[in-house]
Amino acid sequence: MQAALTHAAAFKPALKTRAARRSVQVQAVASVEQTAGAAAKSSDDPLMLRALRGEEVDRPPVWMMRQAGRYMKVYQELCKTHTTFRERSENADIAVEVSLQPWRAFQPDGVILFSDILTPIAGMNIPFDIDKGKGPIIADPIRSMAAVDKVTPLVPDDCVPFVGEALRRLRAEVGNASTVMGFVGAPFTLATYIVEGGMSKNYTQIKKLMFTEPQVLHALLQKLADAVVTYIKYQHDNGAQVVQIFDSWAAQLSPMDFDIWCGPYIKYIIAESKKTCPDLPIILYISNSGALVERMAACNPDIISLCHTVDMKEGIQRAGTQFAYQGNMDSGVLFGSKEMIEQRVRETAKAAKDMGVRHVMNLGHGIMQGTPEENAAHFFKVAKELRYADL
């Protein structure tokens, strides 16, 4: 509890002073200089890693959120045999197969593990299921300190060994042709499911807990934050070369409440993860994050993933050029013509180039169900044929 309050008190993402900005810039330059020697020896590393280190590359790397999934016919066929999401995501053989389906089809520069942000919570004594129609279901929502006390530390080797196995096999499969990516849920987003009992429209239960028994929610968030640190290290140790943090529902809070319930825990997770995985690039993604860009920067990720509600250049101006950026083409564009897809890909990449930042081409949110598969293929084709020299 005291740790949680300390995190919240220390999280002050207000306007940066000139001195603070200069300090960050100096640190960024020092970081680049420290990695220069290693970078010179890493020309065989995947494009995404080289781009994120600041090495000179001829195009931005590209991958897609929700890259594997319902829009692909091959995935739909697999679902006829393996009918539940947990079977598909918690069996290493199937998870590897699904992760590799878009790799075989499109050759993206990032191959992300097929899993779910809730996967590790079962190992924390928080049972859950995923219903095809309703999404995640938690039969016993946590809304009291007595329930929080029953949450146990995460021991990944015991409860999610299939994640480690899948990551190791993905690394072996793609080699240096692509970057293997892991991901985790942020504490607040995990807590929304755990407290609400599943999906929610208004987040009534967690906000009720937030404003009536804040000590209970802080205690839960701290346990989740510690588990996420453990999980990031586990994914890194088993082959993940980049990890993305999803705080999908953070924008359901006011900026003032983000500073209490989200920001401190994300910042804690990143800082603690860097102690054991200092060279692991960490991406931070928040849906509908237009009001939160400066606050995302204050969490100190390596890469800020901008959603499509934020103009690329404005987002970079607000957060600073010391970060790498990811995104942020509207996923709805993939329902459009090939000409429109090409135009938007080029515009997005050019905006990042014009701002002088490291950039990973991506959608601003996940690819939507029903997206024509040939349009997804065209997105990758255009992105991979881009050349900075031509933008």
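**Entry 1: setting the terms**

I start with a cut-off: a residue is buried under 20% relative accessible area, exposed over 50%, and partly exposed in between. I apply it to Arg53 at once. Arg53 has 27% relative accessibility, so it counts as partly exposed. I also note that the model I am reading is a predicted one.

**Entry 2: the whole protein**

I looked up the overall make-up. The protein has 391 residues, and 55% of them are buried. I find 18 helices and 9 strands. The exposed surface comes to about 16,900 Å². Carbon and sulfur atoms supply 51% of that surface.

I then checked how far along the chain the contacts reach. I took contacts between residues at least 6 apart in sequence. Of these, 73% join residues at least 24 apart.

**Entry 3: the nonpolar core**

Which residues touch the most other members of the largest nonpolar core? I get Ile194, Leu217, Leu220, Val345 and Phe379. This core holds 137 residues. Helix H12, residues 214–237, gives the largest share of it, with 13 residues. I jot down a general point: in soluble globular proteins, nonpolar side chains tend to be buried together.

**Entry 4: helix H10 and what follows**

How many residues of helix H10 are buried? I count what the model gives: 10 of its 10 residues, in the run 187–196. The buried residues include Pro187, Phe188, Tyr193 and Glu196. Ile194 is another buried residue of H10, and I met Ile194 above among the core residues that touch the most other members.

Just after H10 comes Gly197, with a positive phi of about 90 degrees. Ser200 sits in the loop between H10 and helix H11, 204–212. I looked at where the side chain of Ser200 goes. A polar contact of 3.4 Å joins it to the side chain of Glu196. The Ser200 side chain also reaches the backbone nitrogen of Tyr203, at 2.7 Å.

**Entry 5: salt bridges**

I find 18 salt bridges in the structure. I went through three of them.

Arg53 pairs with Glu55 through their side chains, at 2.8 Å from N to O.

Lys350 pairs with Asp354, and their closest N and O atoms are 2.9 Å apart. Both residues lie in helix H17, residues 338–354. They are 4 residues apart, about one turn of the helix. Asp354 has a relative accessible area of 39%, so I call it partly exposed. Lys350 is partly exposed too, at 36%.

Lys381 pairs with Glu385 at 3.1 Å, N to O. What separates these two along helix H18? They are 4 residues apart in H18, residues 373–385, so about one helical turn separates them. Lys381 is partly exposed at 44% relative accessibility. Glu385 is partly exposed as well, at 49%. I also traced a network: Asp45, Arg53 and Glu55 are joined by salt bridges that share partners.

**Entry 6: cysteines**

I looked for disulfides and the structure holds 0. Is Cys307 buried or exposed? Cys307 has a relative accessible area of 1%, so it is buried. Cys159 has 25%, so it is partly exposed.

**Entry 7: backbone details**

I looked for a cis peptide bond and found one between Gly327 and Asn328. Its omega is about -5 degrees. Asn328 belongs to strand E8, residues 324–329.

Next I listed positive phi values in residues other than glycine. Arg66 has phi near 55 degrees. It lies in the loop between helix H3, 47–53, and helix H4, 73–81. Asn288 has a positive phi of about 50 degrees. Its loop runs between strand E6, 282–285, and H15.

**Entry 8: Ala297**

Ala297 has a relative accessible area of 2%, so it is buried. Gly320 is 23 residues away along the chain. The C-alpha atoms of Ala297 and Gly320 are separated by 7.9 Å.

Note on methods
Residues numbered from 1 in each chain as written. Predicted model: local features only at pLDDT ≥ 70, side-chain atom pairs only at ≥ 80, totals over all residues. Heavy atoms only, no water. Core = buried A, V, L, I, M, F, W, Y, C linked by side-chain atoms within 4.5 Å. Buried < 20%, exposed > 50% of the residue type's maximum accessible area, 1.4 Å probe, protein only. Contact = heavy atoms within 4.5 Å. Areas by Shrake-Rupley, 256 points an atom, 1.4 Å probe, with all protein chains shown as cover. Disulfide = S-S within 2.5 Å. Salt bridge = Lys/Arg side-chain N within 4 Å of Asp/Glu carboxyl O. Polar contact = N/O pair within 3.5 Å; in protein donor to acceptor, adjacent residues only side chain to side chain.
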